[in-house]
Amino acid sequence: MIRTLYVTVVMTSVGLLLLPFQVAGILLNNRLQRIVPILFHRAACAVIGVRITQVGERTRETPVLLLSNHASWLDIIVLGAVAPVVFVAKSEVAKWPVFGWLAKLQRTIFVERERRHKTGDAARAMGDRLQGGDVVVLFPEGTSSDGIRVLPFRSALIGAVHHTIGNSTHHDRVTVQPLSIAYVGYGGVPVGRALRDKVAWYGETELMPHLKGVFSSGAVDVTVSWGEAVPYGMTADRKQIARDAEAAVRRMTARALRSPTAQPSGTEKAAPAVPAFSQT
């Protein structure tokens, strides 16, 4: 209970301290709006005890769409700590207390998933962000999983690739990079099927009890694996992009969960201590 309170107080204090800078960055449309979220998420990782290991490297090509598996609310903090990204989320998140407010400050793109005729609008919004230089993260599974399985990737919003190219006068390609998030340790113990519910937030699991459990654990180890970045043109098939990315994420997730302490030569590295602002 004491640790949960400590984490909550520190994260709230950091958030309030950074809030004016993020608001200013959004209003002025400058680099602060991308820098401040990284600082917040890295502070959150530090206070919660999230330890990130990266395998491979994020592409520096632009525009870039990242396709990731989705296992927990922690995914937002983890990816927000390693890259200057904006997320795509269901519209209901915007109405959540506190978390909806934070999502808006992160400049999240909200999607009405239950209204199919809105898919084109969402893809166009993503395309505008990609064209504007944002690194967009899409969770194509459409929901969170148990962290061990990777659910089938949906392709509808990957149409943002075509919207980006079609509306751009200087881009004829969009780079798509698959990435995997694998939670491999919890409280110093390797995560197996018995502990997956401790880190994965899915199904009917209530948010607040899950949040308190993670806050009190003191240590969560996660492996973020970056796959091969592939440039796609206007003729690319979004369904094929989804299939290729899904296969890559399955392989990377299985490898990370199978060998959580492995050290692949020349590819694995700890998350950087300072954001690469010049490369955003």
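Predicted model: local features only at pLDDT ≥ 70, side-chain atom pairs only at ≥ 80, totals over all residues.
User: Let us start with helix packing. How is a pair of packed helices described?

Analyst: Two packed helices are described by the angle between their axes and the distance between the axes. Here the pair is H1 and helix H2, residues 32-48. Their axes come within 9 Å. They cross at roughly 175°.

User: What is the relative direction of H1 and H2, parallel or antiparallel?

Analyst: Angles over 145 degrees count as roughly antiparallel. H1 and H2 are therefore roughly antiparallel to each other.

User: Which residues of H1 and H2 meet?

Analyst: On the H1 side, they include Tyr 6, Val 10, Val 14, Leu 18 and Phe 21. Gly 15 and Gly 25 of H1 also take part. On the H2 side, they include Leu 32, Val 36, Leu 39, Phe 40 and Val 47. Pro 37, Ala 43 and Ala 44 of H2 are also among them.

User: Which residues form a nonpolar patch on the surface?

Analyst: Val 23, Leu 27 and Leu 28 form it. Together they have about 320 Å² of accessible area. Leu 27 belongs to helix H1, which spans residues 2-28. Its relative accessible area is 70%, so Leu 27 is exposed.

User: Where are Asn 29 and Arg 107?

Analyst: Asn 29 sits in the loop between H1 and H2. Arg 107 sits in the loop between helix H4 (99-105) and strand E4 (109-111).

User: Is each one buried or exposed? Take Asn 29, then Arg 107.

Analyst: Asn 29 has a relative accessible area of 59%, so it is exposed. Arg 107 has 11%, so it is buried.

User: Which peptide bond is cis?

Analyst: The bond from Thr 62 to Pro 63 is cis. Its omega is near -10°. Pro 63 lies in the loop between strand E1 (50-55) and strand E2 (64-68).

User: On to charged pairs. How many salt bridges does the structure hold?

Analyst: The structure holds 7 salt bridges. One of them pairs Arg 34 with Asp 134, at 2.8 Å from N to O. Arg 34 lies in helix H2, and Asp 134 lies in the loop between helix H5 (119-131) and strand E5 (135-138), so the pair ties together parts that are 100 residues apart in sequence. Arg 34 and Asp 134 are both buried.

User: What separates Arg 124 and Asp 121 along helix H5?

Analyst: Arg 124 and Asp 121 are 3 residues apart in helix H5, so about one helical turn separates them. Their side chains meet in a salt bridge, 2.6 Å from N to O. Arg 124 is partly exposed, with a relative accessible area of 38%. Asp 121 is also partly exposed, at 37%.

User: Which residue forms a salt bridge with Asp 146?

Analyst: Arg 149 does, with the closest N and O atoms 3.3 Å apart. Asp 146 has 4% relative accessibility, so it counts as buried. Arg 149 has 46%, so it counts as partly exposed.

User: Last, contacts beyond sequence neighbours. Which residues does His 210 contact, leaving aside those within four places in sequence?

Analyst: They include Ser 72, Trp 73, Asp 197, Lys 198 and Trp 201. His 210 lies in helix H8, residues 207-217. At 8% relative accessibility, His 210 counts as buried.

User: And which residues does Val 230 contact, under that sequence limit of four places?

Analyst: Val 230 is in contact with Val 174, Thr 175 and Val 176. Val 230 belongs to strand E9, residues 230-232. At 26% relative accessibility, Val 230 counts as partly exposed. The C-alpha atoms of Val 230 and Arg 173 are 9.5 Å apart. Along the chain, Val 230 and Arg 173 are 57 residues apart.

Definitions and conventions: Residues numbered from 1 in each chain as written. Heavy atoms only, no water. Patch = residues over 30% accessible without salt bridge, like charges linked within 9 Å, V, L, I, M, F, W, Y side chains within 5 Å. Areas by Shrake-Rupley, 256 points an atom, 1.4 Å probe, with all protein chains shown as cover. Salt bridge = Lys/Arg side-chain N within 4 Å of Asp/Glu carboxyl O. Helix = DSSP H or I, 4+ residues; strand = E, 2+ residues; numbered from the N terminus. Buried < 20%, exposed > 50% of the residue type's maximum accessible area, 1.4 Å probe, protein only. Axes fitted to C-alpha atoms, helices over the stretch in contact; angles between N-to-C directions. Parallel < 35°, antiparallel > 145°, perpendicular 65-115°, else oblique. Contact = heavy atoms within 4.5 Å.
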